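I opened my notebook for a structure I had not looked at before. The plan was to look up a few things and jot down what turned up.

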Amino acid sequence: MQERSEESGMILSPHILALQNERKCLETEVSMLLLERDDLLLVQCPNIEMLYLLAFGEAEQKAYGLYCQVMRLKRKLEMIRAVKNRGCAVDEEHIEKKLDEEFAEYRRQLREQKEKLDAAKKRNLCEVLSEEEMKKAKKLYRAIIKSLHPDLHPQSTPEQIGLLQAAVNAYENGDLASLELIHTVVREEQPTTDETGAEDSLTAEIRRLRKTLALLQKNIRAIQSDYPYRVREFIADESQKAKRKAEIEDTIAALEERETYLKNQIEELMR
């Protein structure tokens, strides 16, 4: 017995209706996973990294700066010894220039650490949404995703993609007002969807959605197994945090001792 599709008003076979229902279910699952992935990338992971950096960032930056200095002094000592062994005069200015070149990557990484720490401190000062506001933001964002995301609408226009990107930015920044505005616009400009009931078209779309679903599941697992998400329980454990801080302080002390030793070695060699 044939039935009438609620979406198009067309009379369709039970097989076609079953395919349409399967597509709808897959679209819902994909939209939920897109929200989960974006929430991990835009909200949860940045917040976890912020807490980690606020707890350990300054100490780790100091330890890494000392490590860079120790490695530079060690290399400088080697270069001075090599010059001395050849019976030549030591040109310390030339050696320092060479060291600047060799350790440029170390300096870049040190700057990157400082920038991340500064960003974490800035993020910590920002206002955050309440639990109720966050629930509303998620609901709005998922509705926007379901209406505009190219994983659900491969034929999305550049304007719709731009609108989606604006929603991503708003969700990342906790801008509830912008999400509400974008949601209003989206409701007025829904992307067109193929409702012809063509079996080949539905089957191809179901196959594509299944692949998208599998890829999203893989992406989410990868995010959850990587830094910073994997340290979420660690930063909530005060005893573990204290242990980690003590370890960093021990590292700093050892590096400072090594730095003093190398400086003394260089001074003796330069006499």
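This is a predicted model: local features need pLDDT of at least 70, side-chain atom pairs count only at pLDDT 80 or more; totals for chains, interfaces and linings use all residues.

## Notes on a proline, some helices and a pocket

**Entry one: a proline.** I went to the loop between helix H7 (199-225) and helix H8 (238-270), and that is where Pro228 lies. I then looked up the peptide bond from Tyr227 to Pro228, and it is cis, with omega near 10°. I noted that beside a general point: most peptide bonds are trans.

**Entry two: helix pairs.** My next topic was how helices pack. Two packed helices are described by the angle between their axes and the distance between the axes, so I looked up both each time.

At what angle do the axes of H1 and helix H2 (residues 92-102) cross? I found roughly 135°, with the axes coming within 10 Å. That angle makes H1 oblique to H2, and the crossing is right-handed. From H1, the residues in the contact are Arg72, Arg75, Lys76, Met79 and Ile80. They meet Glu92, Ile95, Glu96, Lys98, Leu99, Asp100 and Glu102 in H2. I sorted this contact by class and got eight charged residues, four nonpolar and no polar ones.

I stayed with helix H1 (residues 14-85) and turned to helix H5 (residues 158-172): their axes come within 9 Å and cross at roughly 55°. H1 is therefore oblique to H5, and it passes H5 in a right-handed crossing. On the H1 side I wrote down Leu35, Asp39, Leu42 and Val43, which meet Val168, Tyr171 and Glu172 in H5. The class count for H1 with H5 is five nonpolar, two charged and no polar residues.

H4 passes H5 in a left-handed crossing. H4 brings Met134, Ala137, Lys138, Tyr141, Ile144, Ile145 and Leu148 to the contact, and H5 brings Gln160, Leu163, Leu164, Ala167, Val168 and Tyr171. I counted classes for H4 with H5 too: eleven nonpolar, one polar and one charged. Val168 and Tyr171 of H5 are on this list, and I had also written them down for H1.

The largest pocket has a volume of about 420 Å³. Which residues lie nearest its centre? I wrote down Asn47, Arg123, Glu127, Val128 and Glu172, out of 15 lining residues. The elements giving two or more residues to the lining are H1, helix H3 (104-125), helix H4 (131-148) and H5. H1 has the largest share, with three residues. By class, I have the lining down as eight nonpolar, four polar and three charged residues.

Note on methods
Residues are numbered from 1 along each chain as its sequence is written. Side-chain values use heavy atoms; hydrogens and water are left out. Axes are lines fitted to C-alpha atoms, for helices over the stretch in contact, and angles run from 0 to 180 degrees between N-to-C directions. Helices (H or I, at least four residues) and strands (E, at least two) are DSSP runs, numbered from the N terminus. Angles under 35 degrees count as roughly parallel, over 145 as roughly antiparallel, 65 to 115 as roughly perpendicular and the rest as oblique. A crossing is left-handed if the near helix is turned anticlockwise from the far one by less than a right angle, and right-handed if clockwise. Contact means heavy atoms within 4.5 Å. Ala, Val, Leu, Ile, Met, Phe, Trp, Tyr, Cys and Pro count as nonpolar, Asp, Glu, Lys and Arg as charged, and the others, Gly among them, as polar. On a 1 Å grid over the protein atoms alone, a cavity is a set of points where a 1.4 Å probe fits but cannot get out, and a pocket is an open set with protein on both sides within 12 Å along at least five of seven lines; lining residues have an atom within 4 Å of a point. Grid points are joined across faces, edges and corners, and a volume is the space filled by probe spheres set on the points.
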